[in-house]
Amino acid sequence: MNKFFTSDLFLVTLTVSLYCLGGVFYRRIKQPLTHPVLLTFVTLIVFLKFTDIPYSRYKEATEMLNFALGMSVVALGYLLYEQLERMRSCLIPVTIATFAGCIIGVLSVVYIAKAFGTEREILNSIAPKSVTVPIAVSVSGPLGGNVSITSVVVFCVGIFGSIFGESILRLSGINDPEARGFALGAAAHGIGTARAIEIGAVEGALSGLAMALMGLATATLMPLMEKYLY
């Protein structure tokens, strides 16, 4: 029975099934804390702990899902193409917002962590917190970060942005749909974009654009920031 639970087929099927069931539950309940990614994440932790299956085995078994996730990054290019006309009309504000969001997003968490005496490996692991997982791990890994920590931090940031992002923007007096969507995508990557799509079409489109641009900017600038700024 243990071999069955640790088989590639079972673990992949379990992961996909839990997410699909979580999606059905979320659409019925419509509460942020019932987000399918969060439900799947918690359920898998409990399952792996209860069955005493090491994470390394789970990671190996679900490598095909990681590969598919990496391929999804290529789809970000389509989001950029789809918003090309919108970008032409506001190229300068979008560019400034992207670079400012990237630099502040990386350096803020790094300097806060440094104030608590965090070591370099952890700093490089948490720095790309605001971009989608495939990009984040591909940036943090070569810089000496722990990709497992990076994945968890990126997930937590996305969930936080999905649950509280809209409320924070509303309390901050930010009501423009383009600004709200861009902020969610820039700060909370894919999970935030999923929430932005639920809010509205404009928010979803700008959130997808921001997610793509933030990934590009972080992959380009973070090695330079790691070398010269922290």
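This is a predicted model: local features need pLDDT of at least 70, side-chain atom pairs count only at pLDDT 80 or more; totals for chains, interfaces and linings use all residues.
The space inside the second largest pocket comes to about 210 Å³. Two helices, H11 (147–171) and H12, each supply at least two residues of this lining, and H11 gives the most, with seven residues. Sorted by class, the lining of the second largest pocket has nine nonpolar residues, three polar residues and one charged residue.

The two helices that share in this lining also pack against each other, and it is worth looking at how they do so. Two packed helices are described by the angle between their axes and by the distance between those axes. For H11 and H12 the angle is about 80° and the axes are 8 Å apart. Angles from 65 to 115 degrees count as roughly perpendicular, and H11 and H12 are therefore roughly perpendicular to each other. On the side of H11, the contact is made by Val154, Phe155, Val157, Gly158, Ile159, Gly161, Ser162, Gly165, Glu166, Leu169 and Arg170, while H12 brings Arg180, Ala183, Leu184, Ala187, Ala188, His189, Ile191, Gly192, Arg195 and Ile199. By class, the contact of H11 with H12 has eleven nonpolar, six polar and four charged residues.

Ser162 is found in helix H11, and because its relative accessible area is 4%, where buried means under 20%, Ser162 counts as buried. Leaving aside its neighbours within four places in sequence, Ser162 is in contact with His35, Ile191 and Arg195.

Arg180 has its place in helix H12, and at 11% relative accessibility this arginine, too, counts as buried. Apart from neighbours within four places in sequence, Arg180 is in contact with Glu166, Leu169, Arg170, Ile174, Asn175, Ile199 and Glu203.

His189 also lies in helix H12, and it is buried, with a relative accessible area of 4%.

Asp52 lies in the loop between helix H3 (36–51) and helix H4 (55–61), and at 68% relative accessibility it counts as exposed. If the reader compares the two places, His189 is buried, whereas Asp52 is exposed.

The residues of the contact of H12 with H13 divide into 13 nonpolar, nine polar and three charged.

Rolling a probe the size of a water molecule over the atoms shows where empty space is left. In this model, the count comes to one cavity of 30 Å³ or more, and the largest cavity has a volume of about 40 Å³. Its lining is made up of Cys102, Gly105, Val106, Ala127, Pro128, Lys129, Ser130, Val131, Met214 and Thr218. The elements that give two or more residues to the lining of the largest cavity are helix H8 (91–115) and H13, and the largest share, three residues, comes from H8. By class, the lining of the largest cavity has six nonpolar, three polar and one charged residues.

The last stop is a loop residue, Leu143, which is found between helix H10 (133–140) and H11. At 22% relative accessibility, Leu143 counts as partly exposed, because buried means under 20% and exposed means over 50%. Not counting residues up to four places away in sequence, Leu143 touches Asn124, Met222, Pro223 and Glu226. Leu143 and Glu226 are 83 residues apart in sequence, yet from C-alpha to C-alpha they are 8.1 Å apart in space.

Terms used: Residues are numbered from 1 along each chain as its sequence is written. Side-chain values use heavy atoms; hydrogens and water are left out. Ala, Val, Leu, Ile, Met, Phe, Trp, Tyr, Cys and Pro count as nonpolar, Asp, Glu, Lys and Arg as charged, and the others, Gly among them, as polar. On a 1 Å grid over the protein atoms alone, a cavity is a set of points where a 1.4 Å probe fits but cannot get out, and a pocket is an open set with protein on both sides within 12 Å along at least five of seven lines; lining residues have an atom within 4 Å of a point. Grid points are joined across faces, edges and corners, and a volume is the space filled by probe spheres set on the points. Helices (H or I, at least four residues) and strands (E, at least two) are DSSP runs, numbered from the N terminus. Buried means under 20% relative accessible area, exposed over 50%, partly exposed in between (1.4 Å probe, protein chains only). Contact means heavy atoms within 4.5 Å. Axes are lines fitted to C-alpha atoms, for helices over the stretch in contact, and angles run from 0 to 180 degrees between N-to-C directions. Angles under 35 degrees count as roughly parallel, over 145 as roughly antiparallel, 65 to 115 as roughly perpendicular and the rest as oblique.
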